Amino acid sequence: MPDTPLENWDLVPGTLVEVHKDGMMLRTGRIDAVTLDADIVWLADNGSHPRGLFEKSEGYQLRLARDRN
């Protein structure tokens, strides 16, 4: 399942995801917020990365990540 891009971005805050674009994994993080149309997500900051916004229309893909905790 982690290798399959998610079609529906309507995810629960706290869900751990990987952000991909152009075949490359850019970042792993936890969902902080999702727009009502589920086309934009924010990932929470994690110390090394600030809070980030990612839009489907810009070619980003989300995949479920394995929680290593």
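Author: Let's start with aspartate 22, which counts as exposed because its relative accessibility is 70%. Here, exposed means over 50% relative accessible area, buried means under 20%, and partly exposed is anything in between, with a 1.4 Å probe and protein chains only. Before going on, please note that this is a predicted model, in which local features need pLDDT of at least 70 and side-chain atom pairs count only at pLDDT 80 or more, while totals for chains, interfaces and linings use all residues. Residues are numbered from 1 along each chain as its sequence is written, and side-chain values use heavy atoms, leaving out hydrogens and water.

Aspartate 22 sits in the loop that links strand 1 (16-21) to strand 2 (24-34). Strands are DSSP runs of E with at least two residues, numbered from the N terminus. Although aspartate 22 is not a glycine, its phi is positive, at about 55°.

If you follow strand 2 onward, you reach the loop between strand 2 and strand 3 (40-43), where alanine 38 is found. Alanine 38, another residue other than glycine, has a positive phi near 60°. With a relative accessible area of 8%, alanine 38 is buried.

Now for the sheet around these loops. Five strands form an open sheet in the order 4-3-2-1-5, with antiparallel pairing; two strands pair if DSSP finds at least two bridges between them. Strand 4 (52-55) and strand 5 (61-64) are the edges, each pairing on one side only. On average, neighbouring strands of this sheet are turned by 50° against each other, direction ignored. Such angles are taken between lines fitted to C-alpha atoms, on a scale from 0 to 180 degrees between N-to-C directions. Strand 3 and strand 4 run antiparallel and are joined by 4 bridges. For valine 41, the bridge partner in strand 4 is phenylalanine 54.

Side chains make links here too, with 2 salt bridges counted, each a side-chain nitrogen of Lys or Arg within 4 Å of a carboxyl oxygen of Asp or Glu. In one of them, aspartate 32 meets arginine 51, at 2.6 Å from N to O. Aspartate 32 belongs to strand 2 and arginine 51 to the loop between strand 3 and strand 4, so this pair ties together parts 19 residues apart in sequence. Aspartate 39 also forms a salt bridge, with lysine 56, their closest N and O atoms being 3.9 Å apart. Aspartate 39 lies in the loop between strand 2 and strand 3, and lysine 56 in the loop between strand 4 and strand 5, so parts 17 residues apart in sequence are tied together. Aspartate 39 is partly exposed at 33%, and lysine 56 is partly exposed at 30%.
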